[in-house]
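Subject: Structure handover

Hi,

Here is the structure I promised to pass on to you. Have a look at it first, then read on for what turned up.

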Amino acid sequence: MGSWRWMSLLLATVLVIAMPFASRAGSSSSPAVGPDTVVLFLQQEPSCLNPVADACQMFVAAAVKAMIFCCNNANDAEPVLMTSDWKFLPAMVEKVPSIKDGDWKVNADGSMQVTWKLRKGRTWHDGKPVTAEDYIWAWRVQMHPDFPAADRSISERVENIFAPDSSTVVVKWKKKYEGANRYLSGAGILPKHVTEKLFRANPAKFVEAWGTGVPTIGNGPYILKEWQKGSSMTLEANPAWAVIPGVLPDKPAVRRVVYRFISDTNTIIANVLSGSADGVDETAIPFVQGLELEQRLKSEGRTDIVLKAEPGLVWEHIDMNVDNAHLKDKRVRQALVYAINREELVQQLFQGKQPVSHSFLPDKHYGYNKDVKKYPYDPTRARALLAEAGYTAGPDGVLQNKGQRLSLTFTTTAGNRTREAVQQILQAQWKAVGVEVKIQNQPARAYFGDTLPTRKFELAMYAWVKSPNSTCESELTSDHIPGGGQTGGQNYPGYRNAEVDRLCHATPEELDEGKRAQMLREAQAIWAEDVPSIPLYLRADYTAHKAGLQKWLPTSSQVPVTWNAAQWGWLK
Amino acid sequence: MTSYLTRRLLQMVPLVIGISIIIFLILAAAPGDPVDLLLFGNPNITAEDVVRLKHLYGLDQPLHIRYVKWVWAALQGDLGYSRTYKVPVLSLIWDRVGNSLWLQIPAFLIALAVAVPVGITSALRQYSPVDYAATFFTFFGLSIPAFWFGIMMIYVFAVVHPWTALPALAWLKFPAGGFSSPGVAAGLATYVDRAHYVVLPALVLSLLFMASYTRYTRSSMLEVIRQDYIRTARAKGISELGVIQRHALRNALIPLVTIVALSIPALFSGAPLTETVFGWPGIGRLLVDAVLAGDFAVAQGVILFLAGLVIVFNLLADISYAVLDPRIRYD
């Protein structure tokens with residue numbers, strides 16, 4: 001048959017054409033564009049860059065704002081800079097206030113007064129001086145009733161702010177608050193001379209009116225030059241930026257930083273491999289793809305691209321709804337934890353690079369309790385606890401108690417490959433001790449928007465993003481249980497414990513870090529005994545950068561890698 | 001004709017109202033309004049904050065009031081603000097349609113330029129190697145997923161570019177996704193730069209068009225060349241080229257013209273998969289992103305815009321039939 005001959009010829013041609021594609025990519029350690037430019041790829045695009053608007057608080061916006069505004073810690077544009085080793089340094093101010101020095105006063109009634117001295121000679125991008133009024137203005141905007149600020153949890157604690165002179169800010173706090181030397185007011189800074197008119201014209205539309213394009217006047221080391229929506233953003237070094245000795249000691253060596261927005265992670269990885277990307281931040285490479293990329297780079301012997309993954313503050317866990325007939329019994333909850341082998345799980349799925357967690361706080365947190373009750377893999381113990389709770393083997397192999405089968409639904413975000421793999425492993429291990437678990441996943445919208453806030457779940461797996469200073473008030477206290485028509489509060493398991501309530505309510509008002517740590521450790525001990533949630537593992541986020549790019553320092557926290565972009569430089 | 005037009009235009013009114021209600025209800029019925037989702041990103045938001053924000057955004061009002069307000073604003077040309085981009089929805093749609101056309105028109109032209117000659121040749125030389133190659137190629141084009149093919153193109157032309165060793169082929173390297181280089185001077189340079197970016201996505205996108213147009217051209221050509229009048233033309237002694245050009249091709253292209261005309265509104269609606277893989281800020285990606293991000297104003301606006309396009313192009317198609325084909329009369 002002639003046609004067969006032709007088909008095989010065609011096939012052979014295709015194979016020959018495809019062959020060279022198996023060859024290796026070349027080295028790409030040199031800058032993508034030039035020695036004065038860094039090209040970063042982001043998976044998402046910031047919506048806006050207004051430091052007071054919650055709508056602009058997504059992580060990617062923080063990454064850009066960390067360069068335009070000074071400086072980035074847990075909130076944007078606070079005068080204090082958080083470093084990659086989680087130290088807080090005075091950037092826009094001469095010093096960080098402290099009780100010892102007397103510029104942080106605690107009154108007998110618990111109210112406080114904190115005095116900040118601004119550094120002299122700092123300017124906005126348009127050359128106007130940064131003054132105390134700019135900090136006060138930001139707080140007023142955030143507290144305005146018509147301004148759609150969502151999170152006022154810090155700024156609401158502030159009674160008033162005033163400026164005795166243009167470089168001094170005095171902040172009066174209503175009651176004790178431990179973060180008063182990290183946050184000036186929780187609202188950051190806004191250029192009053194540029195934004196006042198716009199804000200007063202329509203406070204409800206202020207987010208749309210300013211910070212959504214060029215010019216967005218900031219006070220940081222970089223200036224927003226161009227923003228092509230949906231495509232790219234170009235920042236240029238601020239020529240008027242004065243170095244801050246001991247904090248950001250060098251003039252920006254990188255004259256231009258270009259952000260490119262590509263939503264497909266495979267395409268981002270292709271750009272890393274092709275050398276078009278100089279750096280990729282924490283949000284762009286999913287962990288599993290990062291592992292694959294790491295192996296690939298290793299097997300090809302490529303040293304031109306550096307991949308980093310440090311476990312940080314993202315806590316993956318499973319909430320157990322304690323109002324469920326089975327899960328209200330502590331012994332059942334404990335048995336569910338004993339029944340699963342988390343060490344093996346992280347080894348199998350993540351090569352151990354995402355470590356098992358044992359507490360609601362990450363182990364880098366100052367208040368982490370290393371002696372917290374850990375639940376090693378112990379199926380025998382699990383069976384014994386379940387027997388103690390009154391469960392006996394049913395006819396179908398599933399345990400039952402007074403005719404009720406121990407069958408639970410297990411929900412997470414549909415389409416998340418890692419979470420689905422975890423689910424299948426856990427489901428099998430629970431089945432081995434006689435617990436039936438049915439997987440019922442949902443799209444993220446329905447899951448986070450409805451199922452969790454209304455507590456319509458039995459087992460729910462998701463993550464919380466902690467900060468180096470997280471406490472436990474909103475996630476563990478009984479007055480933060482949502483549901484029953486009430487929304488707000490993130491105590492989704494419905495955990496109630498009087499002592500944990502007391503400790504978690506008291507920590508934000510305890511000014512002594514040592515005592516605060518002690519209280520958090522106590523809360524963790526009680527919590528670990530009660531286990532309203534199964535702590536799974538701490539997530540690690542991959543960043544990638546070219547080996548020639550110096551001082552790339554991910555913080556493995558909510559502070560983006562761009563926190564020190566003014567110090568980056570290319571190896572000559 | 002006038003009465004027909006009036007009737008068609010009047011019929012569009014209930015259609016548009018119906019579509020707008022469906023669009024509004026489906027998006028409003030989806031669980032998790034923007035404020036609920038905000039809550040999840042930030043554990044510090046209190047119940048009072050949620051109530052305050054829902055009131056500020058008008059989300060606490062009953063559905064029918066929200067619908068009437070939306071329609072009233074839309075009639076005045078205000079489709080609201082994007083929650084994600086903080087810009088008016090209308091200007092966002094306008095920009096993105098422009099971007100999509102930048103990608104779609106080249107893809108469409110490439111597809112036509114390849115499909116018509118290949119389809120004709122393949123029909124005239126049925127069961128020849130050329131025909132087999134073309135058939136193989138069209139099956140390839142129809143069955144290959146755009147996102148996979150896109151990644152492969154990026155991999156070959158942007159990552160490995162195996163012909164690096166050959167200086168003559170050095171230009172065969174294209175950007176791995178994106179839309180334009182930041183900081184390119186305005187004017188001609190912009191177009192040259194944009195053209196560089198459009199090559200890979202346009203090729204990927206054109207493959208799908210190309211495959212189906214080739215199939216259509218081939219089959220309609222095959223049908224036509226067996227007609228009696230072709231034999232008559234040959235019997236008259238007209239040269240083979242003349243037979244093909246004047247008699248076969250003209251008749252064979254009629255179905256293709258219909259298909260092509262019907263795909264014109266699709267050009268405006270973008271290509272979500274290709275646009276996502278290549279990071280192309282087109283309207284297809286805008287719609288997908290808006291739905292995923294709960295950006296209701298944008299999703300509603302884009303769907304309404306696309307629905308409007310379909311209605312208008314259908315009407316135009318019906319009118320053009322009457323103009324083109326004297327046998328059709330609307331009275």
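B:Asp49 is buried, because its relative accessible area is 3% and the cut-off for buried is under 20%. Its salt-bridge partner is B:Arg52, with N and O 3.0 Å apart. B:Arg52 has a relative accessibility of 17%, so this residue counts as buried too. Both residues belong to helix H3 of chain B (residues 47-56), where they are 3 residues apart, about one turn of the helix. Before you go further, please keep in mind that this is a predicted model.

Why would such side chains get together at all? Side chains of opposite charge can pair when their charged atoms come close. Over all chains, the structure holds 34 salt bridges.

Another one to click on joins A:Glu196 and A:Arg200, whose closest N and O atoms are 3.1 Å apart. These two sit in helix H4 of chain A (residues 192-201), 4 residues apart, which is again about one turn of the helix. A:Lys373 is partly exposed, with a relative accessible area of 26%, and A:Glu529 is partly exposed at 29%.

In that loop, between helix H9 (342-350) and helix H10 (379-388) of chain A, you'll also find A:Lys374. With 36% relative accessibility, A:Lys374 counts as partly exposed. A polar atom of the A:Lys374 side chain lies 2.5 Å from the backbone oxygen of A:Lys370. The C-alpha atoms of A:Lys374 and A:Tyr338 are 9.3 Å apart, although 36 residues separate them along the chain.

Now for the rings. There are 29 aromatic pairs over all chains. In one of them, A:Tyr462 and A:Tyr492 have ring centres 6.3 Å apart and planes at 75°, so the pair is edge-to-face. The two tyrosines are 30 residues apart, with A:Tyr462 in strand S18 (residues 459-465) and A:Tyr492 in the loop between helix H13 (473-476) and helix H14 (498-506), all in chain A. Is A:Tyr462 buried or exposed? A:Tyr462 is buried, and A:Tyr492 is as well. Ring pairs also tie A:Trp137, A:Phe147, A:Phe199, A:Phe206 and A:Trp210 into a cluster.

A:Lys229 lies over the face of A:Trp227, 4.2 Å from the ring centre. In chain B, the charged end of B:Arg215 sits over the ring of B:Phe139, at 5.2 Å from its centre.

Last, the place where the chains meet. How many residues does each chain bring to the contact? Chain A brings 63 residues and chain B brings 59 residues. Together they bury about 5000 Å², with 61% of it on carbon and sulfur atoms. On the side of chain A that touches chain B, helix H6 (residues 265-274) of chain A gives the most, with 6 residues. The count of salt bridges between the two chains is 0, but 5 residue pairs are in polar contact across the interface.

Cheers

Note on methods:
Residues are numbered from 1 along each chain as its sequence is written. Chains are lettered from A and ligands numbered from 1 in the order in which they are written. This is a predicted model: local features need pLDDT of at least 70, side-chain atom pairs count only at pLDDT 80 or more; totals for chains, interfaces and linings use all residues. Side-chain values use heavy atoms; hydrogens and water are left out. Rings of Phe, Tyr and Trp (its six-membered ring) pair if their centres lie within 6.5 Å; planes under 30 degrees apart count as stacked, over 60 as edge-to-face and the rest as tilted. Buried means under 20% relative accessible area, exposed over 50%, partly exposed in between (1.4 Å probe, protein chains only). A charge sits over a ring if NZ of Lys or CZ of Arg is within 6 Å of the ring centre and within 35 degrees of the ring normal. Contact means heavy atoms within 4.5 Å. Buried area is the accessible area (1.4 Å probe) that two parts lose on being put together, summed over both. A salt bridge is a side-chain nitrogen of Lys or Arg within 4 Å of a carboxyl oxygen of Asp or Glu. A polar contact is a pair of N or O atoms within 3.5 Å; within protein, one must be able to donate a hydrogen and the other to accept it, and residues adjacent in sequence count only if both atoms are side-chain atoms.
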